[in-house]
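The following exercises are to be worked with the sequence and the structure in view. Each task is followed by a solution in steps.

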Amino acid sequence: MTSKGTESEHPSVTLFRQYLRICTVQPKPDYGAAIAFLEERALLMGLSCQNVEVAPGYVVTVLTWPGTNSALPSILLNSHTDVVPVFKEQWSHDPFEAFKDPEGYIYARGTQDMKSVSIQYLEAVRRLKGAGHRFPRTIHMTFVPDEEVGGHKGMELFVKRPEFQALRAGFTLDEGMANPTDAFTVFYSERSPWWVRVTSTGKPGHGSRFIEDTAVEKLHKVMSSILAFREKEKQRLQANPHLKEGAVTSVNLTKLEGGVAYNVVPAAMSASFDIRVAPDVDLKAFEEQLQSWCREAGEGVTFEFAQKWTEPRMTCTDDSDPWWAAFSGVCKDMNLTLEPEIFPAATDSRYIRAVGIPALGFSPMNQTPVLLHDHNERLHEAVFLRGIDIYTRLLSALASVPALPSEN
């Protein structure tokens, strides 16, 4: 017998750590190194590999395992290659070393969001293919850039291209989130990101005077209205134990701008808000509410959007739906408890759902603290390896879903 200290590492974990060391950190991700890594995996696994440049320097890599029935729509497994920035001084280990501690925790940016899932896809396909399995539906794995800064030079462009249409995706899996309990979270929708900048103009003057109709006074009124709404939504969430965060609209004041000196009353001031609108909200009515708050504050108060998503979609989680039945059936067979939720932030799934393709967000990480975008982001190797087992079963079931009435 070998002691724990001298055991050889599971090859899938070694591959995961290799991928984590590729520094695809925003704002200057090394996409070239990620593409080279994926091309090598495709070659070793006997998969076709296509690179689609959706914008200059922004490439979507597609690995394909053909099914036995090319007439059937495919299964699309999506993941993004970029990761968010780090504050190295706040980490106990180098965030791009993929350090593994004696307990089996792997520390690196991207362990949870979402390089683990990328490797789990690859390893599940490799395992199934190596065992001689073939399934009716083709499986495509897409590795996309730019997700962490909105996907505007990634999936948003890709879904409009003929190369995407040629994939003929019938169902998609994309990223989810860790769950600190025994359960696994699965996301069937997400909130719409609205980034709103409110600008107020008013009378300027000397800082010693009681000037009427100032920009600051009016901006304060709008901010009070919007933050009162925030408090109302927060209370609604806290008062109902059945509500999850994604089911209410969140608001945060993220930026204040204006002013030139202590003794000058400014002629203009602005406040920026990050609003995540719940998918059941009437978006037209909500925009009218924003307009009303600005009007009530006085003349010269306007707002503009830095981002405005207006196509929220919900993927069916009813047992009568063949995709959900296949997905949840595997989880039931494996004794996995599922918690269906609305994703509180935004992922590339919104672009996929908006073109009519059902998508579930699922990162098989239970008994794991939620550390995406946090310092010391980490994942236990046992959780990672179990995720490969889960995906192996999920892919078998999803790629075997018989032709749906809509596909005939």
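**Exercise 1: a histidine and its annotated partners**

With a relative accessibility of 1%, His80 counts as buried. The model is a predicted one.

Task: Determine where His80 lies and which residues it is in contact with, leaving aside its neighbours within four places in sequence.

Solution.
- Step 1. His80 belongs to strand β3, residues 74-80.
- Step 2. Leaving aside neighbours within four places in sequence, His80 is in contact with Asp113, Met114, Ser118, Val144, Glu147, Glu148, Glu175 and Asp348.
- Step 3. An unreviewed UniProt entry places the feature "binding site" at His80, Asp113 and Glu175. These residues span 96 residues in sequence, yet no two of their C-alpha atoms are more than 8.7 Å apart, so they gather at one spot. Of these residues, the lining of the largest pocket includes Asp113 and Glu175.

**Exercise 2: a second annotated set**

Task: UniProt (unreviewed entry) also places the feature "binding site" at Asp113, Glu148 and His373. Decide whether Glu148 counts as buried or exposed, and do likewise for His373.

Solution.
- Step 1. Glu148 is located in the loop between β6 (139-144) and α4 (155-158). Buried means under 20% relative accessible area. Glu148 has 18% relative accessibility and therefore counts as buried.
- Step 2. His373 is found in the loop between β16 (359-361) and β17 (378-380). Its relative accessibility is 44%, so His373 counts as partly exposed.
- Step 3. Not counting residues up to four places away in sequence, Glu148 touches Gln26, His80, Asp82, Val83, Val84, Asp113 and His373. With the same exclusion, His373 touches Val84, Arg109, Asp113 and Glu148.
- Step 4. The three residues annotated in this record are spread over 261 residues of sequence but cluster in space, the largest C-alpha distance being 9.9 Å. The lining of the largest pocket includes Asp113, Glu148 and His373.

**Exercise 3: an open sheet and its helices**

Task: State the order of the four strands in the open sheet, and explain why one side of β11 and of β14 is left without a neighbour in the sheet.

Solution.
- Step 1. The order is β11-β13-β9-β14, with antiparallel pairing.
- Step 2. β11 (250-258) and β14 (301-308) stand at the edges and each has a single partner strand, so one side of each lacks a neighbour in the sheet. From one strand to the next, the twist averages 20°.
- Step 3. Eight bridges join β11 to the antiparallel strand β13, residues 268-277. Ser250 stands opposite Arg276 in β13.
- Step 4. Helix α6 (residues 215-239) lies across β9 (192-201), β11, β13 and β14, at about 10° to β13. Helix α7 (residues 283-297) lies across β9, β13 and β14, at about 150° to β14.

**Exercise 4: the nonpolar cores**

Task: Identify which residues touch the most other members of the largest nonpolar core.

Solution.
- Step 1. In soluble globular proteins, nonpolar side chains tend to be buried together.
- Step 2. The largest nonpolar core has 63 residues, of which Met141, Leu173, Phe327 and Phe362 touch the most other members. Helix α10 (residues 381-398) supplies the largest share of this core, nine residues.
- Step 3. Apart from this core lies another, of 23 residues, including Val251, Met269, Ala271 and Leu290.
- Step 4. Among the residues that Phe362 touches are Val117, Glu175, Phe327, Ile390 and Leu394.

How values were computed. Residues numbered from 1 in each chain as written. Predicted model: local features only at pLDDT ≥ 70, side-chain atom pairs only at ≥ 80, totals over all residues. Heavy atoms only, no water. Core = buried A, V, L, I, M, F, W, Y, C linked by side-chain atoms within 4.5 Å. Buried < 20%, exposed > 50% of the residue type's maximum accessible area, 1.4 Å probe, protein only. Helix = DSSP H or I, 4+ residues; strand = E, 2+ residues; numbered from the N terminus. Contact = heavy atoms within 4.5 Å. Pairing = 2+ DSSP bridges. Axes fitted to C-alpha atoms, helices over the stretch in contact; angles between N-to-C directions. UniProt positions renumbered as here; feature names shortened; annotations may be inferred. 1 Å grid on protein atoms, 1.4 Å probe; cavity = no way out; pocket = protein on both sides within 12 Å on 5 of 7 lines; lining within 4 Å.
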